[in-house]
Amino acid sequence: MIDRWAGTVGRHARLVLAAAVVLVLAAAVYGAGVMDDLGRGGFEDPGSEGVRAVAAERALFGNHTPDVVAIYSSDDLTADDPEFQAAVAAVVDDLAVDEVVRTVPYFAVPDDAGFVSPDRHAVQVHVSLAGDTLNEQLISYDEIEPLLHAEGLETDLAGLYPAHADVNVITEEDLKQAELLSLPLVVLLALLIFGSLTASAMPALLGIIALLVSIAVMRLLTLFTDVSMFSINVISLLGIGLAVDYSLFIVSRFREELALLPPDDPAAPRAAVARTLATAGRTVMFSGLVVAASMSSLLVFPQVFLRSMGYGGIAAVLIAMLAAITVLPAILVLLGRRIDKGRLPWRKPWNMPEPGSDDGRWASLARAVMRHPVAVLAVTSVILLAVASPFLGAKWGGIDHRILPADAPSRIAAEKLLEFGPETSLATVVLQDTDATGVAQYAAAAGEVDGVRQVVVLEEETDAALLRVLWDGNSQSEDSQRIVEDLRDVEPEAGTALVGGLTADTVDLIASVHGHLPLMGLIVLTVMLVLLFVAFGSVVLPLKAIVMNAFSITASFGVVTWIFNDGHLSGLLGFDSPGFLEATNPILMLAILFGLSMDYEVFLLSRVRERWDATGDHELSVAGGVQSTGRIITSAALLLGVVIGAFATGDIVLMKMLGVGMVVALVVDATIVRALMVPATMALLGRLNWWAPGPMRRWWERHGFREEGHLVPAVPTGTLPPPPPPPPPPPPPPGAAPATAPTTAQGMPLRAAVEQVTALARELGSQPPGTLARNPGFDPPEGVAGPSASADVYALGCLLWTTATGRPPYSGPTPEAVRDAHRMTRVPQLDGREPLTLAVNRVLRLAMSKDPMRRYTGPLALCADLEVALGLPEVATVSGSGV
C-alpha cells in the first residue's frame, strides 16, 4: 500500500501539496473558534455517588452549594457600618437574576456562622448558581461576575467556579506561550541537527499542520460529545512533538537515500522518496498506530477530561503521522537536493551516506554493554528503582484552587478565607424515603464520625432532607477523604443517603481511576503485544519492551512525586506544592509515555530486526541497530523534550506536572533504557529475542510488518533475464578513462552476479585487506589501487556496475577524478533494476569515501547491506559471527 502511495506522491506532488494547503487553511478557519465550544472541568464520574447526590439535591431542594464565595473587605469600614452594608446589599439586589438560585449574605445569617472576619473588616456572601452541569454553571458565573463587585469595597471571588474561570484564562495563556516558545527553539535545534535552513523548517511546518488540523477535528467532535478544553494542551504537546519526531526521521532518511543517487538524475528525488517511505515511512506509520493505540486506552474512563485527552491524543498522533507520509514527501519531491539550501557554512554537504551503521560510538557503547549485561542491568535497575521509590508515598487529590499559581485571583481569594478562621470542608447529604425521626437519627450518627464538627439540617420535606456536614481541614487531605468514607458507611434507619461535595468528588475520582486502571492496563498491554509481534515477529521482544518502558515511566512518576507531592524544587520551577498528586495526571502520563516509549522502541528494534534478518549475527544486529538510530533518536528526544519543556513553563500545576514528568521519562528512555538496558537484555536473551511459536512465526513471515529494503518485489531465482545488450559506451568524462571490465561479470545474469558478490564478500573475512583487489578479474582503477579495504569494496562495486550497465566502470589518475566520473555518470534505470541502481551507487560511493569500512566493518555487514538493498531474500543469509 505504501509503495503505491509513494508512486502517487512522486507523480502528483504538486496536486497533493495543493490539496494539503486547502485542507490546512480550511481547518485553521474552522478551528479558530474551538475554545467557545469546549467544556471546562469534566473530572467527575457520571455514575458516582457524588454526582447522584448533586442531582438529587437539585431535584428536591434546588442548589444549596456555595458555588461562589464573594469576599468584601475594607481597611476603613467594618461590617457594621451602614456604608459597608449598603454596598453589599446593592450587590445582593443585583444578583436577583435567572443565573442565580440562592444568595446568602453575611447579614442574613447568625454572627457565629463564620461569615464575618474576627476584625469585622471582611465579610462573605455565598452565591449558588443556576445550571444542571458544570458548563452551564460556568456560563452563569460568566454572566454574573461583573455584578459581584461592590462599589467602594475590595472584592475577591473564591470557590470552584472562579477557580475554573482562572484555569481557563491561564490555560489559554500558557498554551500560546508554549507554542511561541517551542516552535522557534525547534527550528533552531533542527538547524543545528540538519545543518540547513530549508531542512530545519520541516519539523516546525509539520507541527503547525498537525496542530491546526487536530484542533479542527476536536471542534468537529464537540458536535457529538463533550470535549474538555484541556485536550488542546495535549494536542499541542503531542501534535507538535510527534510531528517534529516524524519529520526528523523522514527527512534524515530522504537525505541519506538521495545521496546514493546520481546528482544529475531528475528522477532521483522521486526514487529517494519512494525508498524513504518504504523504510522510514512504514516505521512512522506503524509508530503512529502504536501511540494512538496507547492514547485510546483513555477512552475506558468515564471522566470527560480523560476521554477528551484520548480524543485529542489520537487526533494529534494520527494527523502528525499522515502529514509525515503525505505532505512532507510531496515537499521533498519538489525540493529534491534543495532540501539542503541555506546550508550552514561550517557544515559539509550531505552527499555521502551516513556512516557507521554497524560501527561508531553508539555501536561501541552497545558492544561494551553486551560484554557485561548482568552488571549493566543490575546497576541501572537499582538506580531507576531508587528514583521511582518516592512514588510509593504519593498522596492523591482532585482539582481545586491549589493547581493555580499563587498570583491567580481565585487562589488569592481562597487564602483570604483563612482570615475568617481555620480552613473548613463540607459535604452535603441527601436523605430520601425517610421521616423526621430518621433524619434526626442520621444527623446524630453523622455527628459522631471522628473529625466532624457540625451537622446542620438545611431543608426537610415529608420524606426527604438535605444536611450539611462540616469539619476542619483541607478538602483534599487524606483525613477529609477518610471522613467522607466514614459518612458513607453511616446507614440511615430508613431510606437512602447520598453524600456529595468537593471532597466526595475527590474520593469518587480516585475510586473511579483505580477501578478502571486494570482495564486500561489490559487494553494497553494487549494492543502493544499484538502490534509489536506484528512488527518484529517475536513474542519475547514485546514483553521485554513493556518491562523496559515500565522502568522509565515509574522513574518519572518517582520524580513527579518528589517534586510536586513533596514540594522539592518548587522555588526553581515556580509553583507551590499542593501536597498531593491530582489523580488523573499519572493516568494521562501513563498513556502518553507508554506510547512515546514504544515509538522509540519501534524505531530502534526495526533496525535491529533488519540487520538480524540480513546477517543472523546477534551482536552485529544489536550494535548496528543502536548505531544507526542512536543519533536520530537522541535528536528526536531532544526536540520533543523542548516542546514538552515549553509546556512545563506554564502556570497551571496540572500541566507543569505533566511536562516535567514527560521530560524526565524522555531523558531516561533515550539514554539509560535505549543505550544501556535494551542492549543488555538483548545480549542476555540472545536468539530468544526473536522466538515465536511455529504457527505464529510462519504467519509473521507471510504477513508481518517490516521495513522494506527494496522498491520492487524480489524475482524468483532463475526468472530474471540477463542484462540487455549494452548501448554504445559514451566518451569518458575529461580526465577519466575506461578501465578494464571485470571479466567475471561479462554475460553473467543478475542473480548469479549478486550471489558471486555475496560469496566474495563472505570470503573476505578470512583474507587480509586487498585480497580481492589482487585478483586479476577485479583489478581496481589506479585511483583506488593498493591492498586496502577500499580496493576490495570498490572491486565488488565494479562487478555490480558492469552487471547493471554492461559497461566498464570509469577509472582515473586520482581518487577525486574517479569520484567525479561516477558522480556525473548516471546508472541506467533498467526495468526491475531500481534496487541494483541503489546498491551500485551505495557501494561505489562508499569505496571512494575516506573510510569505507567505517560503515562496513566486515564482509558480513557488506553482504547484509547488499542483500537488503537488492531485495533478494532468496540469497542464503550469512550465518556465523561478524568480522
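1. Contact here means heavy atoms within 4.5 Å. On that basis, and leaving aside neighbours within four places in sequence, Tyr246 is in contact with Val284, Ser287, Gly288, Val291, Val317, Ala320, Met321, Ala324, Asp599 and Phe603. The coordinates come from a predicted model.

2. Overall make-up. The protein has 883 residues, and 57% of them count as buried. Its secondary structure comes to 29 helices and twelve strands. Take the contacts with a separation of 6 or more: residues 24 or more positions apart account for 79% of them.

3. The largest nonpolar core. This core holds 177 residues. Tyr246 is among the members that touch the most other members, along with Phe230, Leu238, Val284, Leu298 and Phe564. Helix α23, residues 653-685, gives the most to the core, with 17 residues. There is also a second, separate core of 29 residues. Ala70, Val92, Phe115 and Leu138 are included in that second core.

4. A residue of α23. Val663 lies in helix α23. Is Val663 buried or partly exposed? Its relative accessibility is 26%, so Val663 counts as partly exposed. Not counting residues up to four places away in sequence, Val663 touches Gly641, Ile644 and Gly645. Ile644 is 19 residues from Val663 along the chain, and their C-alpha atoms are separated by 6.6 Å.

5. Helix α9. This helix covers residues 231-259, 29 residues in total. From first C-alpha to last, α9 reaches 41 Å. That is close to the 42 Å expected at 1.5 Å a residue. Why describe α9 as largely enclosed by the rest of the structure? Because 29 of its 29 residues are buried.

6. Arg255 forms a salt bridge with Asp340, with the closest N and O atoms 2.6 Å apart. The pair links distant parts of the chain. Arg255 sits in helix α9, while Asp340 sits in the loop between α12 (327-335) and α13 (361-371), 85 residues apart. The cut-off for buried is under 20% relative accessible area. Arg255 is at 5%, so it counts as buried. Asp340 is at 18%, so it counts as buried too.

7. The four-stranded sheet. An open sheet runs in the order β2-β3-β1-β4, with antiparallel pairing. Which strands stand at the edges? They are β2 (100-105) and β4 (154-158). Each has a single partner strand, so one side of each is left without a neighbour in the sheet. On average, neighbouring strands are turned by 20° against each other, direction ignored.

8. Inside that sheet. Strand β1 (residues 68-73) pairs with strand β3 (residues 122-129) in the antiparallel sense, over six bridges. Tyr72 stands opposite Val123 in β3. Helix α15, residues 409-416, packs on the sheet and touches β1 and β4. The direction of α15 makes about 95° with that of β4.

9. Glu154 forms a salt bridge with Lys416, and the closest N and O atoms are 2.7 Å apart. Glu154 lies in strand β4 and Lys416 in helix α15, so the pair ties together parts that are 262 residues apart in sequence.

10. The side chains of Asp486 and Arg482 meet in a salt bridge at 3.0 Å, N to O. Both residues lie in helix α17 (residues 478-489). They are four residues apart, about one turn of the helix. Asp486 is partly exposed, with a relative accessible area of 27%. Arg482 is partly exposed as well, at 28%.

11. Salt bridges that share partners join Lys544, Glu601, Asp669 and Arg674 into one network. How many salt bridges does a search of the whole structure find? It finds 17.

Key: Residues are numbered from 1 along each chain as its sequence is written. This is a predicted model: local features need pLDDT of at least 70, side-chain atom pairs count only at pLDDT 80 or more; totals for chains, interfaces and linings use all residues. Side-chain values use heavy atoms; hydrogens and water are left out. A nonpolar core is a set of buried Ala, Val, Leu, Ile, Met, Phe, Trp, Tyr and Cys residues joined through side-chain atoms within 4.5 Å. Buried means under 20% relative accessible area, exposed over 50%, partly exposed in between (1.4 Å probe, protein chains only). Helices (H or I, at least four residues) and strands (E, at least two) are DSSP runs, numbered from the N terminus. The expected span of a helix is 1.5 Å times one less than its number of residues. Two strands pair if DSSP finds at least two bridges between them. Axes are lines fitted to C-alpha atoms, for helices over the stretch in contact, and angles run from 0 to 180 degrees between N-to-C directions. A salt bridge is a side-chain nitrogen of Lys or Arg within 4 Å of a carboxyl oxygen of Asp or Glu.
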